[in-house]
Amino acid sequence: MVTYNDLIALGLMNEARALGVSIPRDLSIASFDDIAYGRYTSPTLTSVAMNSERMGELAMQRLLQLIHNDLERPFDEVLAPRLVVRESTARRAS
């Protein structure tokens with residue numbers, strides 16, 4: 001299962017445990033954001049790091065450039081996400 005963000009995934013993991021569902025044996029869980037709490041849960045949470053901090057930095061730089069008329073041309077920057085595989089996911093059995 002893939003959730004919208006890590007906080008939802010952590011809640012899902014908690015409820016799954018309460019229902020006796022084993023993660024990742026019965027259910028693999030992955031999510032987005034790679035917040036610090038995901039590294040300290042049991043099992044640790046598989047997540048996609050979206051580079052949110054860097055995205056914010058770039059947005060602020062571009063905004064300041066626009067305000068100061070320093071942005072000479074349209075820009076196109078891609079920040080590649082990074083999959084951080086941890087214990088909450090398992091390979092599917094063939």
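Asp-26 is partly exposed because its relative accessibility is 44% (buried means under 20% relative accessible area, exposed over 50%, partly exposed in between, with a 1.4 Å probe and protein chains only). The model is predicted, so local features need pLDDT of at least 70 and side-chain atom pairs count only at pLDDT 80 or more, while totals for chains, interfaces and linings use all residues. Residues are numbered from 1 along each chain as its sequence is written, and side-chain values use heavy atoms, without hydrogens and water.

Asp-26 pairs with Arg-25 in a salt bridge, with 3.4 Å between the closest N and O atoms. A salt bridge here is a side-chain nitrogen of Lys or Arg within 4 Å of a carboxyl oxygen of Asp or Glu. Arg-25 is exposed, at 66% relative accessibility. The whole structure holds five salt bridges.

Asp-34 takes part in two further pairings. With Arg-39, the N to O distance is 3.7 Å. With Arg-86, the closest N and O atoms are 3.0 Å apart. Asp-34 lies in the loop between β1 (30-32) and β2 (46-49) and Arg-86 in the segment after β3 (82-84), so this pair ties together parts 52 residues apart in sequence. Strands are DSSP runs of E, at least two residues, and helices runs of H or I, at least four, numbered from the N terminus. Shared partners join Asp-34, Arg-39 and Arg-86 into one network. Asp-34 is buried at 11% relative accessibility, and Arg-86 is buried at 17%. Arg-39 is partly exposed at 38%.

Leu-63 belongs to helix α2 (residues 52-67). Its relative accessibility of 42% makes Leu-63 partly exposed.
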